Structures are given as structure tokens and as C-alpha cells.
Amino acid sequence: MKIYADNAATTKMSRRAIDAMIPYMEKVYGNPSSLYTIGQEAAEALESARQTMAEHLHCMPREILFTSGGSEADNQAILSAARLGEKKGKKHIISTAFEHHAVLHTLNRLEKEGFEVTLLDVHENGLVTPQQVKEAIRPDTCLVTVMYANNEIGTIQPIGEIGSVCREAGVLFHTDAVQAAGHLPIDVQAQNIDMLSLSAHKFHGPKGVGALYAKQGIRLTNLIEGGAQERGRRGGTENVPGIVGMAAAFAESCANMEETAKKLTALRDQLIEGLSKIPHSILNGDRTKRLPGNVNFCFEGIEGESLLLLLDDAGISASSGSACTSGSLDPSHVLLAIGRIHDIAHGSLRLSLSEENTEEEIAYIIQTTGEVVDYLRKMSPVWRDLQEGKRSYVIQ
Ligand SMILES: *Cc1c(COP(=O)(O)O)cnc(C)c1O
């Protein structure tokens with residue numbers, strides 16, 4: 001069996017997105033800045049894609065900026081808010097300890113420039129509260145940036161309420177909605193969101209393309225200087241096929257959102273129930289306030305990396321956390337943020353599902369994971385010590 005269960009890392013492109021892109025590679029390949037017909041046809045496709053994105057986010061097309069993905073959108077949103085704040089002498093930013101590195105590393109860079117960053121603690125269930133945000137806001141706060149749904153443990157933050165707190169305090173609010181877009185409802189007006197990042201490849205669109213929503217009136221700082229593309233806010237010839245594919249995938253995901261969520265929630269719950277039966281295992285993140293397709297467990301006494309390799313041998317593609325941390329030996333900053341100790345955080349497994357997964361696959365994942373965990377524990381000196389009572393279990 002070949003099972004793909006790493007949809008939080010990236011997704012398979014949908015047929016509809018691929019079909020939407022092909023004409024813009026084969027026939028309408030003109031440069032949208034050119035005045036002749038195939039250039040103008042490409043420009044029209046771009047504006048039509050912008051319109052589609054805007055409709056589903058509940059904003060105006062001119063508030064959508066196309067980027068190379070979620071990371072670029074995060075960078076640009078945060079740097080723009082920082083530059084705006086700086087002008088008014090406001091150099092304090094609020095975020096959380098479990099953001100994506102695109103956010104955290106941008107904040108690190110600003111700290112080196114003299115900004116002060118408050119990272120809110122994340123509760124053990126993987127949530128931050130609007131109250132925490134409210135208490136952290138100061139007169140010199142220029143930005144609050146809190147992710148909509150976490151990419152490792154899938155927990156969903158109360159974005160609308162955090163938005164209200166920020167709006168009341170007159171502080172800009174950005175959300176990294178890369179894991180949420182296409183999976184959870186988004187209404188930037190109702191949720192009081194000033195800036196929002198999304199990425200096509202997380203909702204069955206192409207890689208290397210994303211969008212930044214920035215409420216009208218927010219002056220963006222350019223990351224890329226060049227021509228007048230994107231109304232002067234991002235230089236460089238637009239990725240027309242990618243943008244068209246993103247809009248098609250976004251429209252499709254939004255149209256099927258409820259149905260997909262229902263199916264994924266059932267699969268997710270089946271998987272959580274099955275994996276919970278493995279002794280000394282624990283679910284990371286809130287049981288219900290999580291993305292419909294996200295499952296994340298820690299197993300005591302094992303190494304996440306070995307688990308992944310053996311699961312891969314058994315045909316299962318999974319992750320120990322975010323793709324960006326794998327390959328390094330540091331445990332996930334997200335699991336540390338929710339209070340898992342180093343040893344436990346090392347034994348983590350993230351399974352993120354899509355509508356293509358089946359109940360049979362879930363049953364296979366449960367059985368295989370149980371066997372692999374068992375096998376690894378038999379070889380683990382730590383596990384032997386635990387069994388012999390030389391050290392005590394952290395996960396009961
Ligand atoms: C994937 C991801 C990103 C980065 O998006 P790219 O398009 O790959 O640059 C940012 N934030 C979150 C929460 C993500 O899951």
C-alpha cells in the first residue's frame with residue numbers, strides 16, 4: 001500500500017487546478033504587461049484570479065497581492081507592519097511561540113533591528129486566548145501576528161476574537177492562514193483581519209505561489225523591487241499559470257469545504273482513536289479544536305526519525321513535525337511550546353489527511369504504527385529502563 005498522509009507539508013494538485021493552468025502555459029503565454037492580445041489575455045486571467053481569491057476571502061480584489069507562497073506573504077506582512085510602526089515610534093510586536101519559521105525568523109530579524117517581540121505562551125492544548133493578546137498589547141505595539149491553524153498540531157486559534165481585540169486597541173492584526181485557507185472558513189471583514197497569508201500548495205494548488213491580503217490603506221513595504229507589477233508592490237513577471245491554478249484550487253476547496261471537513265473529521269477521529277490505544281502515547285493539541293485532517297502524537301521511548309523511516313518502508317508518507325525542522329536534530333519548537341519535554345517531543349508523529357485517504361488506509365496506518373512503535377521500543381535502552389522501573393514514564 002502507498003499512503004500519502006503528509007498534506008500539511010504539501011498536497012497533490014487537483015485535476016481542476018492542473019486543467020486550469022495548462023492553457024496559460026501552452027497558448028496564453030503572453031506577458032501580462034504586454035499590450036498585444038495574448039499579453040492582455042494573460043492580464044485578464046490574472047485579474048479574474050484576483051477576483052476569485054477576493055470573493056472567497058470577503059475582500060476587494062485590489063487588497064490581494066500575489067506572492068511566491070506563504071513564506072513571502074508572511075515576510076512582507078510583518079516587515080510592512082514593522083516599517084509602519086517604526087515611523088510612529090511603535091516597535092513592539094506580539095506573536096506566539098509556535099508560529100511557522102517564516103514568521104519567527106522574520107521577527108528575529110526585526111529584534112536585531114531593535115524591535116521588541118512578545119511571544120505568547122501556548123497552553124498545553126495548543127491554543128492562545130484573546131485575553132492573552134489583550135493583556136500583552138502596549139501603547140507601542142504595532143502588530144499582532146497569530147496563526148489561524150498550527151501546521152504541526154493543527155490547533156485552530158480564535159482568530160475572530162483576537163481580531164476584535166486588535167481592532168479595539170487600534171493595532172494591526174496579521175494571521176498566517178496557510179494551513180487554514182481552503183480548509184476553514186475565512187472572512188477577513190467579519191474576523192477583523194488586517195493582513196492574511198495563504199499558499200496554494202496547501203490546498204491542492206501549485207507550489208511556489210501564494211497571496212497576501214492587506215486591507216486597503218495599509219502601505220506595504222516591497223520585498224522585491226522591479227517593474228510596476230502588482231501595482232508596484234512586487235516586481236517581477238507574474239506567475240500566471242500558478243496564479244490561475246491557485247484560484248481554481250481555492251474556489252474548489254472552498255466549494256467543497258464542508259463536505260471535505262466532514263469526511264476528514266471522521267477519518268481523523270478513527271485515527272486518533274486507534275493510535276490512542278498504543279500504550280504510553282499522547283495526542284498533541286486539542287482533541288476537537290483542530291484541523292479536520294490533523295493528527296499528531298508523541299510515543300514515549302522512541303525516536304521520531306526512525307519511526308518515519310520504518311513507516312516509509314511500509315508505504316506510509318508521514319512527518320515528525322514540520323518539513324522545515326526535519327533533517328535537524330532539534331525537537332519541534334511547537335511541541336516544546338505546548339510543554340512537551342525534549343525526550344518526548346523527539347518521539348512525535350504527524351499524520352495529515354486529505355479527502356483521498358480511505359478508512360482502509362487509516363486502519364493500515366493504525367496497525368503499522370502500532371507494530372513499528374513496538375519494534376522500536378524493543379530496541380530502545382530508554383524503553384528497557386522504563387519497563388524495569390529505573391526511570392518513570394512521562395506519558396502514562
Ligand atoms: C507551509 C506553511 C508556510 C510556508 O508556505 P510556503 O508556500 O511553503 O512558503 C507558512 N506557514 C504555515 C503555517 C505553513 O504551513
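Me: In this predicted model, is serine 34 buried or exposed, and why?

Reply: A residue counts as buried when its relative accessible area is under 20%. Serine 34 has a relative accessible area of 14%, and it is therefore classed as buried.

Me: Where in the fold does serine 34 sit, and which residues does it touch?

Reply: Its place is in the loop that runs between α2 (23-26) and α3 (37-57). Leaving aside residues up to four places away in sequence, serine 34 touches Gly39 and Gln40.

Me: Which side chain is joined to that of serine 34 by a polar contact?

Reply: Such a contact is a pair of N or O atoms within 3.5 Å. Here the side chains of serine 34 and tyrosine 36 are joined by a polar contact of 3.1 Å.

Me: Turning to the pocket, how much space lies in the largest one, and which residues are closest to its centre?

Reply: The largest pocket holds about 380 Å³ of space. It is lined by 21 residues, of which Lys12, His204, Ser354, Glu355 and Glu356 are the closest to the centre. The elements that contribute two or more residues to this lining are β1 (3-4), α8 (240-255) and α9 (257-276), and the largest share, three residues, comes from α9.

Me: What is the make-up of that lining by class?

Reply: The lining of the largest pocket has nine charged, eight polar and four nonpolar residues.

Technical notes:
Residues numbered from 1 in each chain as written. Predicted model: local features only at pLDDT ≥ 70, side-chain atom pairs only at ≥ 80, totals over all residues. Heavy atoms only, no water. 1 Å grid on protein atoms, 1.4 Å probe; cavity = no way out; pocket = protein on both sides within 12 Å on 5 of 7 lines; lining within 4 Å. Points joined across faces, edges and corners; volume = space filled by probe spheres on them. Helix = DSSP H or I, 4+ residues; strand = E, 2+ residues; numbered from the N terminus. Nonpolar A, V, L, I, M, F, W, Y, C, P; charged D, E, K, R; others polar. Buried < 20%, exposed > 50% of the residue type's maximum accessible area, 1.4 Å probe, protein only. Polar contact = N/O pair within 3.5 Å; in protein donor to acceptor, adjacent residues only side chain to side chain. Contact = heavy atoms within 4.5 Å.
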